Amino acid sequence: MLFHRRTIMIDLTRLAFVNQSLAKLGLSTLFTLSATLFSTHIFADIETFKPKFPQFSENAIERKKSNRFYSLGEAKFSNGIKIPAYGVTVQNPMEDGLLKDSEPCTKKICSFNFTLKAQDAAQLKLIELPSIGYVLIPRHWTDISAGAGANGTGSALIMSPNQKEVITLYNSSFCVGCGYPNASLYFPQLLKQSVEYEYGGMQDRNKKLTLVYPSKTTAFFSYQIPNISGKTHGVAKYINDGDFNFVNIHLTLEQKNQHLATPILNFYNATH
């Protein structure tokens, strides 16, 4: 894993009520696989963010051709809970055809030292995405657009059947020029260096982010997309030990499903 497995539980109330004037957030750029996720205005190589609900760039037939779920068995959690686990194919970045590299679940594979409540488990499933790793998503969600790059980058856009709820994921991997500008939105101390490297940067000029830092390299965030009822929550992380890497997840759920944000984000935080 890219990060130490230090368990830090996410308290969404800290994000929602730290400062109500900061309750709306400019959405980070996650990937070019899907449609543009936000509107930007570029000034001196620094982008200013406006939140926008993401859209698929491929039609349903193209998505189903590239991104197919296949069963891995059952994922096991520390309190004895089991849920269905699936791998997801993506277009192979090195050669023609699909990349299908997830291993079936065993006692050692997809077994997690993580507590999952029974009432939440009944509504969730585990998926493994190439170049991203394991993620919990709502069990009935099957619409996905995901991809992996030859340099290890990974991205995914997953939507609910009514396309009113969404999860986006990104991993910059070895692409330093991808990681720095994305990370600079959540970690402003990286902005100067990102611009000096001529990667550009991302900034919340309108002060719309709500951010909590459990550590120097981890940010919990929340924001409100205009005209969307449910608040969006997420986790952003970076590591800079000679090879810079940035990862993040954004989760937008309708109010009736907001309770699932806590296990989804806590699991992501514990395993990435």
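# Notebook: burial, pairing and packing

I started with R63, which counts as buried because its relative accessibility is 6%, and the cut-off for buried is under 20%. I keep in mind that this is a predicted model.

**Entry 1. The salt bridge**

I asked which residue R63 meets in a salt bridge. The partner is D143, with 2.8 Å from N to O between the side chains. I then looked up where the two sit. D143 is in strand β10 (residues 143-148), while R63 belongs to helix α2 (residues 60-66). They are 80 residues apart, so I log the pair as a link between distant parts of the chain. I counted salt bridges over the model by the same rule and got one. In general, side chains of opposite charge can pair when their charged atoms come close.

Next I checked E58. E58 lies in the loop between β2 (46-51) and α2. Is E58 buried, exposed or partly exposed? Its relative accessibility is 24%, so E58 counts as partly exposed. Leaving out residues up to four places away in sequence, E58 touches R63 and S145. I took the C-alpha to C-alpha distance from E58 to S145 and found 7.8 Å. In sequence the two are 87 residues apart.

**Entry 2. The five-stranded sheet**

I traced an open sheet of five strands. The order is β7-β3-β4-β8-β9, and the pairing is mixed. Which strands are at the edges? They are β7 (111-112) and β9 (133-138), each of which pairs on one side only. Helix α6 packs on this sheet and touches β3, β7, β8 (124-129) and β9. The direction of α6 makes about 175 degrees with that of β9.

Strand β3 (residues 69-77) pairs with strand β4 (residues 82-88) in the antiparallel sense, over seven bridges. Within this pair, E74 stands opposite P84 in β4. As background, strands of a sheet pair through backbone hydrogen bonds, either parallel or antiparallel.

**Entry 3. The nonpolar cores**

How many residues does the largest nonpolar core have? I read 46. Those with the most contacts inside this core are F77, L126, L129 and L169. Helix α6 (residues 261-271) gives the largest share, six residues. In soluble globular proteins, nonpolar side chains tend to be buried together.

Not counting residues up to four places away in sequence, F77 touches I83, F112, F114, L116, L136 and F267.

**Entry 4. Aromatic pairs around F267**

I counted aromatic pairs and reached 17. One of them is F77 with F267, edge-to-face, at 6.0 Å centre to centre and 65 degrees between the planes. This pair links distant parts of the chain: F77 is in strand β3, F267 is in helix α6, and they are 190 residues apart. F77 and F267 are both buried.

F112 is in strand β7 and F267 in helix α6, 155 residues apart. How accessible are these rings' residues? F112 counts as buried because its relative accessibility is 12%. F267 counts as buried at 0%.

I also noted an aromatic cluster, formed by Y180, F187, Y197, Y199, Y213, Y238 and F244.

**Entry 5. Helix α4**

I moved to helix α4 (residues 176-186). Eight of its eleven residues are buried, so the rest of the structure largely encloses α4. The buried ones are G179, Y180, P181, N182, A183, S184, L185 and Y186.

**Entry 6. Positive phi**

Most residues other than glycine have a negative phi. S173 has phi near 50 degrees. S173 sits in the loop between β12 (166-171) and α4. Its relative accessibility is 13%, so S173 counts as buried.

N227 has phi near 70 degrees, also positive and in a residue other than glycine. N227 lies in the loop between β15 (218-223) and β16 (232-240). Is N227 buried or exposed? N227 is exposed, because its relative accessible area is 83%.

Methods: Residues numbered from 1 in each chain as written. Heavy atoms only, no water. Buried < 20%, exposed > 50% of the residue type's maximum accessible area, 1.4 Å probe, protein only. Helix = DSSP H or I, 4+ residues; strand = E, 2+ residues; numbered from the N terminus. Core = buried A, V, L, I, M, F, W, Y, C linked by side-chain atoms within 4.5 Å. Contact = heavy atoms within 4.5 Å. Salt bridge = Lys/Arg side-chain N within 4 Å of Asp/Glu carboxyl O. Pairing = 2+ DSSP bridges. Axes fitted to C-alpha atoms, helices over the stretch in contact; angles between N-to-C directions. Phe/Tyr/Trp six-rings, centres within 6.5 Å; stacked < 30°, edge-to-face > 60°.
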